[in-house]
Amino acid sequence: MPEQTAIYECPNCGAALTFNAAEQLFTCDFCLSKFSRDEVLNANSREKMREQEAAEEAFNAQMNEYECKQCGAHIIADENTVASTCAYCHNPVVLVGRLSGEMKPQKIIPFGYDKAAAEEKFFQFVKKKWFVPKAFFVKEQVEKIAGIYYPFWVTDVNTDSKIQARATKVRTWRNGSREYTETSYYEIYRRGKIHFEDLTTAALSEADKKMLEGILPYPSAALEEFSMPYLSGYAAKKRDIGQDDIKAELKGRIDNYSERILRATVGSYTTLNVYGRESRVLNSHWDYSLLPVWVLTYRDEKRGKTYVYTMNGHTGKVHGELPVSRWKLAALFGAVATVLTGLFTLIIGGLMQ
Amino acid sequence: MNITPTMVLVALAIAIVCAIISVIVVIRKYSMKHDPVDYPLDQFTKLNLEEQSDLFIRKEVTSRVISEDKK
């Protein structure tokens, strides 16, 4: 049986509402009305809310077919999709049943800017990269740009961490024809409580982890309590990576960060060699969060290659491989080789005299 | 200053190595293959240091004679 879906309707005309990232309001493309999140939620009648709750309880995780509430079309979606657009009537649909129970996110960061602004930010980013071929990025070659909410685990952790190290201080001086070197040896110990805020880890195995984590961090102040209407107008994915799956990786990161933080408290020594470290997790708080990502696909006809970029849907940070102009690289090589040849010739000539 | 062809060749060899390194750095930076996880420690962490000790263990002094022509 096809899964139940939800469409958030305009209270004025009944058309589907979409979330306008530029204005941070829900807008109706037909009657041009605008609403806040609370107004949208209140507009849903109690009967509709009960229907949605019943659909969540009756949800069968094995079913990948859903029915568009606007036009009745049967659409197939992969098991991780929780929001999409109906291919027939192009209305946004939210698969409410897939975001229930333990799969319901705790937090969300809404998109901070719209598609046109995303494209503009992307081209501004590319313009600053000197080695990208000048005529490479043309707006017409942008194949696809899509706003997608990706699942992340956002974790706060408190640890009791310590390091043990050996350090040296070296001092030299001369007396006549003799040069003296004094080496002092120290045993270093540091221990303290460290609070880690918003350690963010991608929670979807099908996604390219580096592409998603390359656009971090998101500002924690932008996190809001999860609310379904924010998904309207965008695609969204649900997590398939649990807390236990990433605990070891997260612990490894915490160990490295703890050492860096405690090393920074050690004064200036000539050498510092950490031979022991330990980080004990005291407590942690996990939030399953949906974070906004613009995914941009760019087709380079000349090289016959497709480039994929991810962009932080709140800060605009971009991640992805950039093409490099061979001519500009050759110019860099020539300039560096020429300048340094002259410089090193003078240095060697001076030393040999 | 007397500059010989040998000096120029040595300088050129070192300069070419440096130029190759700079090209590799640019290619790696643009390919975004470095570890992408960016977690600003200053912004997102807070340390409450509870114990610290810098214990002096020992000192040793060595010496060497500097020959005249090395001055």
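Helices (H or I, at least four residues) and strands (E, at least two) are taken here as DSSP runs, numbered from the N terminus. With that settled, let me turn to A:Glu225, which sits in strand E11, residues 224–225 of chain A. This is a predicted model, in which local features need pLDDT of at least 70, side-chain atom pairs count only at pLDDT 80 or more, and totals for chains, interfaces and linings use all residues. Residues are numbered from 1 along each chain as its sequence is written, chains are lettered from A and ligands numbered from 1 in the order in which they are written, and side-chain values use heavy atoms, with hydrogens and water left out.

Is A:Glu225 buried or exposed? Its relative accessibility is 52%, so A:Glu225 counts as exposed, given that buried means under 20% relative accessible area, exposed over 50%, and partly exposed in between, with a 1.4 Å probe and protein chains only. Leaving aside residues up to four places away in sequence, A:Glu225 touches A:Arg37, A:Gln106, A:Lys107 and A:Ile108, where contact means heavy atoms within 4.5 Å.

Now the cysteines: A:Cys28 is buried, at a relative accessible area of 2%, whereas B:Cys18 is partly exposed, at 26%. If we call a disulfide a pair of cysteine sulfur atoms within 2.5 Å, the count over all chains is zero.
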